[in-house]
Amino acid sequence: MTAHRRPPITDPRVRALVAAAGRPHSGPSRRTFLLGALGAAGAATVLAACGTGGSTGPGAAPSTGTDLSQSQKLVRWANWTLYLDQDDSGTSYPTLEAFTQKTGIEVEYSEDIDDNDSFYGKVSGQLANGQDIGYDIMTLTDWMAARMIRLGYTQELDRSRIPNADNILPALADVDFDPGRTHSLTWQSGFGGLAWDKSKVPGGLRTVSDLWAPELAGRVEVLSEMRDTIGLIMFDQGVDPGGDWGEDEFTAALDLLKEKISSGHIRQVRGNSYAQDLVSGDAVAVIGWSGDITALNYENDDRFEFAIPEAGGTLWSDNLMIPVGATHKANAETLMDYYYDPEVAAQVAAWVNYITPVQGAQEAMVAIDPELAENTLIFPDEATLSKVSTFRSLTPDEEELFNGQFLDAIGA
């Protein structure tokens, strides 16, 4: 099944949730670094930018759960919506079914992550006590992955069970929040940018400031992921979110956001569910995620457009991790190994349309869909990567301050 001909989703639960998957400190701007880093190393090298987001090294871990993998052929996976290949009816997942046939391990797959903060709020208490949160794999963005690892809320991976992890792109193999990838593996990466309904915004959007056009009042939504929404506003204000900035620059971006919320110009601040508002027509212009819009277009006759703003867009990664209290660790590692097979990774990428972290997937994609193998939103080239930046790492104090101020501003 190629992504270009993805059939309509008919399952009402899936349709209601339709959507999918935030993300160094001083020195030159991130864009300057990106432009300088590409060179002969190629576009994959710049994906090291996705591997930033917090302090290094795991914290003092609570007691880990008993691994029942030998007696219970089960793995439980929490992911974002529209973040795994689906069948024609939208009710099952072909790669998961193939995994079960191959290994005998059943998968309880849940689209239970709407944004990082809300998921953390649901599970952090149990994780702090080393308890099983009901998942053996959780899929969280770099900055939240950094927090989870720093607090000791994840289990160390047994890489002997994940030989395919050697296929990870070199730029993602050693990240500051998880040196050597001992506690995490990248799931997908992607871009934050602008999206709109082409029939309702015929002139399109080129800048974040275009969102504030009077005719769009009350029909704009932005993301509840602080690093994407604030990052794009900062870019629009002439500040590279991956560069050297401080509280003044953050406050300027936040003040603009608060003004647009209080005036009603921004209809809502949303997680994944912004996409269903685009489909319903409640929102016509948004700050959104690249793969979501491609996915929505397959179901809605190419109704929407996505663009990286002229000033710059955000680059992020989501990561597979095993929670501290998970009870099927070996089975989770078997699943991770399966998804790092290039042919499987290509099948997933053909459906979700995000950047795959697996070497060899682009070559495997040629057999699935040659056009997708040239898609720069899945396999970005140097020109595309030169337009984006990752939100710089925050210290724990900065994270508490800035994230708290953002959540207060959006009423979360």
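The following dialogue explains how to read several features of this predicted model.

Q: Where does α4 bend?
A: The bend is found at Lys 122 and amounts to about 40 degrees.

Q: Which residue caps the N-terminal end of α4, and what follows the helix?
A: The cap is Asp 115, which has a side-chain oxygen 3.3 Å from the backbone nitrogen of Asp 117. After α4 comes Gly 130, with a positive phi near 70 degrees.

Q: How is a positive phi to be read at residues other than glycine?
A: Most residues other than glycine have a negative phi. Leu 82, although not a glycine, has a positive phi of about 50 degrees. Leu 82 sits in the loop between β1 and α3 (94-103), and its relative accessible area of 3% means that it is buried. Asn 353 is likewise not a glycine and has a positive phi, of about 65 degrees. The loop between α11 and α12 (361-368) holds Asn 353, which counts as buried at 1% relative accessibility.

Q: Which residues touch the most other members of the largest nonpolar core?
A: A core can be read through the contacts among its members. Here the largest nonpolar core has 121 residues, of which Trp 77, Met 148, Ile 230 and Tyr 339 touch the most other members. Helix α11 (residues 342-352) gives the most to this core, with eight residues. The contacts of Tyr 339 beyond four places in sequence include Trp 77, Trp 187, Val 344 and Val 348.

Q: How many aromatic pairs does the structure hold, and how is one of them described?
A: A pair of aromatic rings is described by the distance of the centres and the angle of the planes. The structure holds 18 aromatic pairs. One of them joins Trp 245 and Phe 402, with 5.6 Å centre to centre and 35 degrees between the planes, and is tilted. This pair links distant parts of the chain, 157 residues apart: Trp 245 lies in the loop between α6 (226-236) and α7 (247-262), and Phe 402 lies in helix α14. Trp 245 is buried, at a relative accessible area of 4%, and Phe 402 also counts as buried, at 2%.

Q: What does Phe 406 touch beyond its neighbours in sequence?
A: Sequence separation and spatial separation should be read together. Phe 406 is in helix α14 and is buried, with a relative accessible area of 0%. Leaving out residues up to four places away, Phe 406 touches Leu 223, Ser 224, Glu 225, Met 226, Thr 229, Ile 230, Leu 254 and Leu 257. Phe 406 and Glu 225 are 181 residues apart in sequence, yet their C-alpha atoms are 9.3 Å apart.

Q: Is Asn 319 buried or exposed, and with which side chains does it make polar contacts?
A: For a polar residue, accessibility is read alongside its polar partners. Asn 319 belongs to strand β9 (residues 313-321) and is buried, because its relative accessible area is 0%, below the 20% cut-off. Its side chain makes polar contacts with the side chains of Asp 142, at 2.8 Å, and Arg 181, at 3.0 Å. Other residues in contact with Asn 319 include Met 138, Phe 177 and Trp 187.

Q: Is Asp 174 buried or exposed?
A: Asp 174 is exposed, with a relative accessible area of 55%. Asp 174 lies in the loop between α5 and β4 (185-197) and touches Pro 179 and Gly 180, residues up to four places away being left out. A polar atom of the Asp 174 side chain is 2.6 Å from the backbone nitrogen of Gly 180.

Note on methods. Residues are numbered from 1 along each chain as its sequence is written. This is a predicted model: local features need pLDDT of at least 70, side-chain atom pairs count only at pLDDT 80 or more; totals for chains, interfaces and linings use all residues. Side-chain values use heavy atoms; hydrogens and water are left out. The bend at a residue is the angle between axes fitted to the seven residues ending there and the seven starting there. Helices (H or I, at least four residues) and strands (E, at least two) are DSSP runs, numbered from the N terminus. A polar contact is a pair of N or O atoms within 3.5 Å; within protein, one must be able to donate a hydrogen and the other to accept it, and residues adjacent in sequence count only if both atoms are side-chain atoms. Buried means under 20% relative accessible area, exposed over 50%, partly exposed in between (1.4 Å probe, protein chains only). Contact means heavy atoms within 4.5 Å. A nonpolar core is a set of buried Ala, Val, Leu, Ile, Met, Phe, Trp, Tyr and Cys residues joined through side-chain atoms within 4.5 Å. Rings of Phe, Tyr and Trp (its six-membered ring) pair if their centres lie within 6.5 Å; planes under 30 degrees apart count as stacked, over 60 as edge-to-face and the rest as tilted.
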